[in-house]
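I opened a notebook on this structure and wrote down what I looked up, entry by entry. The sequence and the model come first, and my notes follow.

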Amino acid sequence: MLTRENVLTKSSFNDVNGYNFKELPNIPKINLRGNPDDKDFITNAEKILNTLLPIEANSSSSSSSKLKIIWLGPNEWLIEIYEINDFEKIFSDLNNFLNPKNTAVTDVTENRTILKLNGLYLYKLLAKFMVIDLDKVLYKESSVAQTIFIKVPVLIIRNHKENQHQSVYLHANRSHAQYIIDILIDGSQNINF
């Protein structure tokens, strides 16, 4: 797998009015599609991934720090693989051991980038640019949300425990990443706490 450069002008923006913004540039991602009612598909996918596929809407699962599986739809999941060396084996195993007539396995690593955003009042900052109530939709540690940031479609994954500062992974098209960061930096200057 090729190592690519960040799309942001700087790799991270630390302590910007109490917020931290960073791009996570080299996280391999796989889009997996299959029938959740097909026991063979579920069993084989879970065996390869060593974790349960989330079947609850807008949720995620992970059994270790090696990968996370994100529910995108009733028959679609996004798999983030945090150990780059594991990507080739997982991708190959999904292609080789799942029925190709009933499933689709696609490398979507370059489709989107991941922005790690955190800060004490992060949801309040993001609310300036979204119509979604993040306190409601990201109430559980395994929660995810698909929404619009101004006019840009994004996937937001909760990334903090109950007693920690708010933190999310925000998936966006690579071409929109700098735009999103610039808007957040500008918006962070006049947050009323």
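Predicted model: local features only at pLDDT ≥ 70, side-chain atom pairs only at ≥ 80, totals over all residues.

Residues are numbered from 1 along each chain as its sequence is written, and side-chain values use heavy atoms, with hydrogens and water left out.

Entry on E76. I found E76 in strand 6; helices (H or I, at least four residues) and strands (E, at least two) are DSSP runs, numbered from the N terminus. The side chain of E76 makes a polar contact with that of N31, at 2.7 Å. With contact meaning heavy atoms within 4.5 Å, and leaving aside neighbours within four places in sequence, E76 touches N31, L32, R33, I70 and W71. Is E76 buried or exposed? Buried means under 20% relative accessible area, exposed over 50%, and partly exposed in between (1.4 Å probe, protein chains only); E76 has 16% relative accessibility and therefore counts as buried.

Entry on helix 1. I listed the buried residues of helix 1 (residues 39-49) as F41, I42, A45, E46, I48 and L49. They lie on the same side of helix 1 because they cover an arc of only 160° around the axis, the arc being that of the directions from the helix axis to the C-beta atoms. What covers these buried residues includes strand 3 (29-33), strand 5 (67-73), strand 6 (76-81) and helix 2 (84-97), whereas K39, D40 and K47 are exposed on the other side of helix 1. At the start of the helix, a side-chain oxygen of D38 comes to within 3.0 Å of the backbone nitrogen of D40, and just after the helix N50 takes a positive phi of about 60°.

Entry on aromatic pairs. Rings of Phe, Tyr and Trp (its six-membered ring) pair if their centres lie within 6.5 Å, with planes under 30 degrees apart counted as stacked, over 60 as edge-to-face and the rest as tilted. By this rule I have four aromatic pairs. The rings of F41 and W77 are 5.8 Å apart at their centres with planes at 35°, so this pair is tilted. The pair links distant parts of the chain, with F41 in helix 1 and W77 in strand 6, 36 residues apart.

I traced an open sheet of six strands in the order 1-2-8-11-10-9, with antiparallel pairing; two strands pair if DSSP finds at least two bridges between them. Which strands stand at the edges? Strand 1 (12-16) and strand 9 (144-149) do, each with a single partner strand, so one side of each is left without a neighbour in the sheet. Strand 2 (residues 19-24) and strand 8 (residues 112-119) pair over six bridges in the antiparallel sense, and the bridge partner of E23 in strand 8 is L115. Strand 9 and strand 10 form a hairpin with two residues between them, and I150 in the turn has a positive phi of about 55°.

Definitions and conventions. Polar contact = N/O pair within 3.5 Å; in protein donor to acceptor, adjacent residues only side chain to side chain.
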